[in-house]
Amino acid sequence: MCSCLSGIPALYESFRQIFNPESSKGSPNAHEAYYNRFIQPKKPIRVAITGVAGQIGYALLPMIANGDMFGPDQEVIIQGVDLPIDQVKENLKGINMELEDGYYPLLKRVIFTTDPNVAFKDADVGILLGAFPRKQGMERKDLMEKNISIFKQMGSAIEANASKDCKILVVGNPANTNCLVCSTYAPSIPKANFSALTRLDHNRARGQVALKAGVNLERVKNVIIWGNHSSTQYPDVCHGQIDGKPVESVLAGDKAWLKGPFIEMIQKRGAAIINARKASSALSAARAITNHIHDWIVGSAPGEWVSMAVHTDGTDGYGIEKGLMYSFPVVCKGNGSWDIVKGLPIDGFSRDKMKATESELIEERELAMEIVKN
Ligand SMILES: NC(=O)c1ccc[n+]([C@@H]2O[C@H](COP(=O)([O-])OP(=O)(O)OC[C@H]3O[C@@H](n4cnc5c(N)ncnc54)[C@H](O)[C@@H]3O)[C@@H](O)[C@H]2O)c1
């Protein structure tokens, strides 16, 4: 054994001698590649979070620090940004103390800042929670204007600072169009690296079908959320399965529910939670964000698809307008890439609903682009 090796490389060399002595005949680069791939500890993942002091941020931070998002052997560095307001800064001090006290061995470092350029520095993943909330009596155009200025700023900070392979998830509403705006201001990052959150709607649909059928959640697979994360979204169970059988045959007695009240319940679930809690969903949103990023980076479960709002380029196979952020069933391949599930048969009922949510996204895009131009 080479005397210059010590520590982990030496350990690797001993394994190689025992299990694969032939490999010493190959180039030294092959050893190095093996060492880099399997032995070397992973580099910590830098996760930038905007609006980190809000209620989703508070629910999300422990999930990231605990390894739920990237796995139990992956260290993380959290780089959070929020507004330069005294109360927010004080809140972040407290959250920082809680993270220090929370015993999170995977949490290498926490940076809380009011500067998006600092938060996105070398970021591998960006989670964009911070957005302007709709206030009573506010026009859609005014809301859009406020959000465009936020997502323009975030897009520019991503462009200037983030890793060129950074994966960006937009959660702040209107999530799909905010995501589109953000991607416009980060032109050097591939469009496929941007997505908006519809996993919460996906999880809701899956959960309600499981409850109706009286089965455990994991037995329900392949529901779909099409379109916008709004009340026009189309929660579709036509291709869903319970224990491998079509949802519509297992719930044959509930066809009317599946085509009516179920769809409406998922579309309006966010509003129902606000009514009950007097605050929007945070725990379930944080969980859905964790699921979304986990599957995007690590891979979706074999034989299953998930819902993600992704950029349309006219090749989705369902005739959706080019250049939107539209939610589709996707399979994540585990290397940070995804493919839209193609070729699902679409009946007239589904087609109408997919078109209605597409129309809303086209309108939102037109409004956004008009504001951007002025
Ligand atoms: N897509 C989804 O499924 C989904 C689900 C739930 C909530 N949401 C949306 O997620 C967003 C966050 O929800 P929340 O409950 O955490 O809201 P929240 O109001 O509790 O927190 C938002 C945080 O963003 C910060 N913020 C606002 N503008 C900012 C800016 N320009 N830069 C940095 N920080 C900024 C605020 O100071 C606040 O701390 C909302 O827009 C909400 O509607 C989306």
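Helix H13, residues 283-298, has 16 residues, which at 1.5 Å a residue should span 22 Å; its end C-alpha atoms are 22 Å apart, so the two values agree. Here the expected span is 1.5 Å times one less than the number of residues in the helix. Helices (H or I, at least four residues) and strands (E, at least two) are DSSP runs, numbered from the N terminus. The model is a predicted one, in which local features need pLDDT of at least 70 and side-chain atom pairs count only at pLDDT 80 or more, while totals for chains, interfaces and linings use all residues. Residue numbers start from 1 along each chain as its sequence is written.

H13 has its share of buried residues, among them Ala 285, Ile 289, His 292 and Trp 296. A residue is called buried if 20 or more other C-beta atoms (placed from the backbone) lie within 10 Å of its own, exposed if 12 or fewer do, and partly exposed in between. Just past the helix, Gly 299 takes a positive phi of about 120°.

Tyr 103, in the loop between helix H4 (86-101) and strand E3 (107-113), has a phi of about 50°. Tyr 103 counts as exposed because it has 9 C-beta neighbours inside 10 Å. Asn 222 sits in the loop between strands E7 (220-221) and E8 (224-226), and its phi is near 60°. With 21 C-beta neighbours inside 10 Å, Asn 222 counts as buried.

Then there's a cis peptide bond, joining Asn 173 and Pro 174 with omega at about -5°. Pro 174 lies in the loop between strand E5 (167-170) and helix H7 (175-184).
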